[in-house]
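User: I would like to learn how to read a sheet and its helices in a model. Could you take me through this one?

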Amino acid sequence: MKSDIDGITGLFSKDDACKRVAGIRFASLGSGSKGNGTVVVGGETTVLIDCGFNTKQVVMRLGRLGIDPTNLAAILVTHEHADHVGGVAQLAHRYDIPVYGSYGTHKGLFSRDLDGSLARPFVASDSFSIGDIRIHPVPVPHDAREPTQYIIENRHSLACFGILTDIGHLTPHVVKMYKRCHGLLVEGNHDLQMLMGGKYPAQLKQRISSNLGHLSNAQASSFLGEVLHDKLDHVVVGHISEQNNDPQRLHEAFGRFESTIADFQYATQAKGHGWVEISPSLGANSVTV
Ligand SMILES: [Zn+2]
Ligand SMILES: [Zn+2]
């Protein structure tokens with residue numbers, strides 16, 4: 001099944017959105033500093049990574065993709081910043097969904113907001129499984145308590161998806177881990193010149209561009225160059241700043257990938273992006289870490 005690239009509606013009806021997925025399927029509910037959420041399906045297991053939208057918004061956005069909140073086996077949280085967790089506790093309580101995140105992330109937010117019976121803290125270096133998917137948390141440098149991004153595999157086919165946003169700089173461990181992915185949602189947050197010449201206060205500019213801030217277009221492009229392999233078929237650039245980036249700068253930074261990666265697209269704050277389908281055959285020769 002080909003990917004839906006218009007980002008408005010999924011290709012899947014409510015009935016087939018959560019049917020057994022032999023590879024991995026992913027879609028964004030919205031991506032950027034005003035709210036994030038990414039749905040990932042492998043086998044018969046559906047999870048939501050982050051929820052920066054209120055329950056009404058997230059239910060509407062899930063519905064656009066043919067997903068009912070009762071289908072969610074878990075919410076995986078990357079870190080405690082509001083654009084990632086603003087709606088987590090509300091959604092979890094309403095639909096009784098367990099919430100996974102590092103111990104530091106839980107301490108940063110959930111000890112306050114989340115019913116303890118739904119909290120599933122993990123050790124950031126340990127992989128774990130939920131249903132048909134295997135989850136590898138990846139610690140990243142960002143100004144939160146214990147942020148982790150995620151690599152998610154279908155346990156049966158080893159088709160592999162990675163999300164990497166809210167990271168101030170690339171570490172050797174991060175590059176090594178993401179080399180195995182067949183599909184990526186990676187942050188291209190800002191153009192450094194636009195950020196520095198823009199209207200943000202000096203302190204905020206410093207925070208965003210620091211080693212604990214966000215990836216610039218140039219950093220993200222260099223990351224893609226490092227992890228690229230012939231089975232990386234799907235790349236979405238997300239968490240794009242609405243103030244400090246624009247289509248021209250993105251094209252300048254990522255143009256070489258737009259023409260060489262089979263499915264290359266940009267996620268938006270309002271609509272995220274539609275379903276992307278990672279074929280099970282891409283995972284055929286992968287090695288589990
Ligand atoms: Zn963020
Ligand atoms: Zn953040």
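Analyst: Gladly. Helices (H or I, at least four residues) and strands (E, at least two) are DSSP runs, numbered from the N terminus, and two strands pair if DSSP finds at least two bridges between them. This is a predicted model, in which local features need pLDDT of at least 70, side-chain atom pairs count only at pLDDT 80 or more, and totals for chains, interfaces and linings use all residues. Residues are numbered from 1 along each chain as its sequence is written, while chains are lettered from A and ligands numbered from 1 in the order in which they are written.

User: In what order do the seven strands of the open sheet lie?

Analyst: Strands of a sheet pair through backbone hydrogen bonds, either parallel or antiparallel. Here the order is 6-5-4-3-2-1-14, and the pairing is mixed. Strand 6 (119-122) and strand 14 (273-278) are the edges; each has a single partner strand, so one side of each lacks a neighbour in the sheet. From one strand to the next, the twist averages 20 degrees. Axes are lines fitted to C-alpha atoms, for helices over the stretch in contact, and angles run from 0 to 180 degrees between N-to-C directions.

User: How many bridges join strand 1 to strand 2?

Analyst: Seven, linking residues 21-30 with residues 37-43 in antiparallel fashion. Within this pair, Phe26 stands opposite Val40. Helix 2 (residues 55-64) packs on the sheet, touching strand 1 and strand 2, and its direction makes about 135 degrees with that of strand 1. Contact here requires C-beta atoms, placed from the backbone, within 7 Å.

User: Which residues of helix 2 are buried?

Analyst: A residue is buried if 20 or more other C-beta atoms lie within 10 Å of its own, exposed if 12 or fewer, and partly exposed in between, with C-beta atoms placed from the backbone. In helix 2 the buried ones are Val58, Arg61 and Leu62. They cover an arc of only 100 degrees around the axis, which puts them on the same side of helix 2. That arc is taken from the directions from the helix axis to the C-beta atoms. On the other side, Lys56 and Met60 are exposed. The buried residues of helix 2 pack against strand 1, strand 2 and helix 4.

User: At what angle do the axes of helix 9 and helix 10 cross?

Analyst: Roughly 5 degrees, with the axes of helix 9 (residues 217-227) and helix 10 (residues 247-258) coming within 10 Å. Helix 9 and helix 10 are therefore roughly parallel to each other. Angles under 35 degrees count as roughly parallel, over 145 as roughly antiparallel, 65 to 115 as roughly perpendicular and the rest as oblique.

Methods: Contact = placed C-beta atoms within 7 Å.
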